[in-house]
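Here is a friendly walk through a protein structure for someone meeting it for the first time. Please keep the sequence and the 3D view at hand as you read.

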Amino acid sequence: VTDDIDGDIRATNTPNDAGADAGNFVGVNMVMDSTVVSQITTSIVIGAKYQQILGIKMYARNAGTPLQITSFLLNTALTSNNLDIEFARVYYTGANATYDTASVGLFGTLPVIPNGAFSVTGARNLVPGVNYFWLAYDVKNSATQGNLVDAKVDDAIIVGAASANILYGGDPVGTRTIKGPLNGNYNVGAGQTYTTLTSA
């Protein structure tokens, strides 16, 4: 069939549009809507590994040619002593808002030793909707109790059409305090240092 229902010559796409009024339609490319950064603020124990510091929520729309994130430009920000941090990594959990080291995918291949401004590079195609990334630190066994660890997102490098990235709150308020492990006898109950066995 060379003509469509209204007498126009049918489109030449391969595969051809199967509609009665065929057209040479162009897909809508993916675009970024926003990137929102959140701070994790619970305490962190000396020697703890894979501890999330930031949640990075990236919103993209349209299912055309995907955008690809190739680098996060980060900074240790209000960290008391960068030597308390052994490694930094970025993980990707897709549309899953839960950080879980057993099921997350590593963004990039090697851990980075952060010291002030640093970057984590990789290659991840974004999907339409929400995309969750997580910055995680390993805290050294020699870290100083009471020191703070922190981070901020200075930028994200995105490759592809309409690759402008809108960054909201790249430096969220808050830090994580390094705590020492418990050692010795502790009283638990009303009026005690720890009121329950599960209190922070």
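What follows looks at the sheets, then the nonpolar cores, then the aromatic rings, and ends at a single loop residue. Please bear in mind throughout that this is a predicted model.

Let us begin with the strands. Strands of a sheet pair through backbone hydrogen bonds, and they can do so in a parallel or an antiparallel way. To follow one of the pairings, look at β4 and β10, which are joined in the antiparallel sense over seven bridges. A handy landmark is N75, which stands opposite K152 in β10.

A second open sheet also has three strands, in the order β2-β12-β9, and its pairing is mixed. Its edges are β2 (44-45) and β9 (148-149); each has a single partner strand, so one side of each is left without a neighbour in the sheet. Strand β12 (residues 176-179) runs antiparallel to β9, and two bridges join them. Here you can look for L148, which stands opposite T177 in β12.

Now turn to the nonpolar cores. The largest has 34 residues, and those touching the most other members are M58, I69, F72, F133, L135 and Y137. Which strands supply at least two residues of this core each? They are β1 (31-39), β3 (51-61), β4 (68-75), β5, β6, β7 (117-125), β8 and β10 (152-159). The largest share, five residues, comes from β3. Apart from this core lies another one of seven residues, including Y99, V104, V130 and Y132.

Next come the aromatic rings. How many aromatic pairs does a search of the whole structure find? The search finds eight. One of them is formed by Y92 and F133: their ring centres are 4.8 Å apart and their planes stand at 45°, so this pair is tilted. The two partners come from distant parts of the chain, as Y92 is in strand β5 (residues 85-94) and F133 is in strand β8 (residues 129-139), 41 residues apart. Both Y92 and F133 are buried. These two rings also belong to an aromatic cluster, which they form with F72 and F107.

The rings of Y99 and W134 make another pair, with centres 5.7 Å apart and planes at 55°, so this pair is tilted as well. Because Y99 lies in the loop between β5 and β6 (105-112) while W134 sits in strand β8, the pair ties together parts that are 35 residues apart in sequence. Are these two residues buried or exposed? Y99 counts as buried, at 13% relative accessibility, and W134 is buried with a relative accessible area of 9%.

Our last stop is N147, in the loop between β8 and β9. At 17% relative accessibility, N147 counts as buried, because the cut-off for that word is under 20%. Leaving aside residues up to four places away in sequence, N147 touches S80, N81, D84, R176, T177 and I178.

How values were computed:
Residues are numbered from 1 along each chain as its sequence is written. This is a predicted model: local features need pLDDT of at least 70, side-chain atom pairs count only at pLDDT 80 or more; totals for chains, interfaces and linings use all residues. Side-chain values use heavy atoms; hydrogens and water are left out. Rings of Phe, Tyr and Trp (its six-membered ring) pair if their centres lie within 6.5 Å; planes under 30 degrees apart count as stacked, over 60 as edge-to-face and the rest as tilted. Helices (H or I, at least four residues) and strands (E, at least two) are DSSP runs, numbered from the N terminus. Buried means under 20% relative accessible area, exposed over 50%, partly exposed in between (1.4 Å probe, protein chains only). A nonpolar core is a set of buried Ala, Val, Leu, Ile, Met, Phe, Trp, Tyr and Cys residues joined through side-chain atoms within 4.5 Å. Two strands pair if DSSP finds at least two bridges between them. Contact means heavy atoms within 4.5 Å.
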